[in-house]
Amino acid sequence: MDSSTRCSVIIIGAGVSGISAAKTLAENGIEDIVILEASDRIGGRVRNENFGGVSVELGAGWIVGVGGKESNPVWELATQSGLRTCFSDYSNARYNIYDRSGKIFPTGVAADSYKKAVDSAIQKLKSLEANVNDIIKATAEPSSSPKKPIELAIDFILHDFEMAEVEPISTYVDFGEREFLVADERGYGYLLYQMAEEFLCISDGKILDSRLKLNKVVRELQHSRSGVTVKTEDGCVYEANYVILSVSIGVLQSDLISFRPPLPRWKMEAIEKCDVMVYTKIFLKFPYMFWPCGPGKEFFIYAHERRGYYTFWQHMENAYPGSNILVVTLTNGESKRVEAQSDEDTLKEAMGVLRDMFGPNIPNAIDILVPHWWNNRFQRGSYSNYPIISNNQVVNSIKAPVGRVFFTGEHTSERFNGYVHGAYLAGIDTSKTLLETIKEERNSDSNNYLLEPLLALTLTQTEAVSGLHKCDIPSQLYLSGKLGIPEAIL
């Protein structure tokens, strides 16, 4: 058992939202915190690794949303830290579409196919807004589904990258439509160390503060009206008044952490409704460059009969000139398939695709790097993906506290889920909610229990009549603020 005494707040997860939450608490006088991180580093899904002599980002790689009416907070941090970035222009990618014979589709054909795909996607989404049944029937029609390789490639780009929506994406509306690739030897994660340095003891780039505990895999979270107890895989036990759970939506859906008592039904139903995207960037190092380079050539697309089969490519010459590195991005089913096979098999497949595009005489890759976000039990995916047409009830239920257990992460951001700035702002938002709760509890401890006798009586009567479990109480009671902390843990 760990010798640490009871603290005010335990934060589980030292990713962007966890560090952001901890920093916010410290800035507001709550410094007796403990951060439990399952891995041997901070950063979560922000992770860089040296490959081919340069620093590549295995997870989050872009600062998305720059140049708008409001300043993106992550862009501000990057600017203050002098983080090196490169502007990414995707607009020409649709005109660099290769078929299996190595020919590039004519500009007119590509533009026409792209326009038809966008119009079709928007029409379907508008139909879905109007009538769910109509869109189900519409998508079932064979004529509405992409069939040709170029159609499948464009469909993949639209839905797995550009995420076509009826309403503009909040990130672009608020912060701007420009995107910048992080190309700094210190890595994207350097921003987290800059944040941590403001409230944790750091020396020579290493965090020495005892409040951050690495390699602590949380397996059980006990919560009650009096506090929380967290148990880790190595047998340590930590106690606190509150806990902020900053783990991914994929981890919440897994069985890594058990809750005692279990989370209420409304919470679990909301968690299960959120999809998890798997986004895999595979890096290939070559002895020399054989692909087109120059303006408008950074991104190119491979059209195959199988949707998403090594479709989206990027060269790293803009970020790191002379690096001779290509990146191909897979998602979801293809990501999981590749994670389940050997890197040698993946390399053979990727080289087959490149030889389709550039001919049989190109050199073999001399190295490959394949991240495994899906099979990583501390991540279980890359980011959350809520249904495009949905109300805010699901995300509100996911981020709603359960007693003394608070939830944060990019998946709790109503407007910016899936983005680094969404995780950053979510951490701040969750901490502010917790600070208000602490303030209210300190001001009126006795008021926290005023409703308990009445609720207990109501539950007794309800269960006697209908046999309902107390977890079946409508989630609106938890989310409306009509119940205090003691009642919300039911």
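These are my notebook entries on a few spots I looked up in this structure.

**Ground rules.** I'm working with a predicted model, where local features need pLDDT of at least 70, side-chain atom pairs count only at pLDDT 80 or more, and totals for chains, interfaces and linings use all residues. Residues are numbered from 1 along each chain as its sequence is written, and side-chain values use heavy atoms, with hydrogens and water left out.

**Entry 1: two helices.** I looked up H2 (residues 73-81) and H13 (residues 420-443). Helices here are DSSP runs of H or I with at least four residues, strands are E runs with at least two, and both are numbered from the N terminus. I noted that two packed helices are described by the angle between their axes and the distance between the axes. For H2 and H13 I got about 100°, with the axes 8 Å apart. Axes are lines fitted to C-alpha atoms (for helices, over the stretch in contact), and angles run from 0 to 180 degrees between N-to-C directions. So H2 and H13 are roughly perpendicular (that label covers 65 to 115 degrees; under 35 is roughly parallel, over 145 roughly antiparallel, the rest oblique).

Which residues make the contact? On H2 I found Pro73, Val74 and Leu77, and on H13 Val420, His421, Tyr424 and Leu425. Contact means heavy atoms within 4.5 Å.

**Entry 2: a sheet.** Next I found three strands in an open sheet, ordered S5-S8-S6, with antiparallel pairing. Two strands pair if DSSP finds at least two bridges between them. S5 (62-66) and S6 (85-88) are the edge strands with a single partner each, so one side of each has no neighbour in the sheet. From one strand to the next, the twist averages 30°. S6 and S8 (residues 178-182) are joined by four bridges, and I spotted Phe87 opposite Phe180 in S8. H2 turned up again here: it packs on the sheet, touching S5, S6 and S8, and its direction makes about 115° with that of S5.

Entry 3: I checked the peptide bond between Arg260 and Pro261, and it is cis, with omega about -5°. Pro261 sits in the loop between strand S15 (258-260) and helix H9 (265-273).

Then I looked at positive phi. Asn332 has about 45° although it is not a glycine, and it lies in helix H10 (residues 332-339). Its relative accessibility is 25%, so I wrote it down as partly exposed (buried is under 20% relative accessible area, exposed over 50%, partly exposed in between, with a 1.4 Å probe and protein chains only). Arg380 has a positive phi near 55°. Arg380 is in the loop between strand S21 (367-369) and strand S22 (383-385), and at 24% Arg380 is partly exposed.
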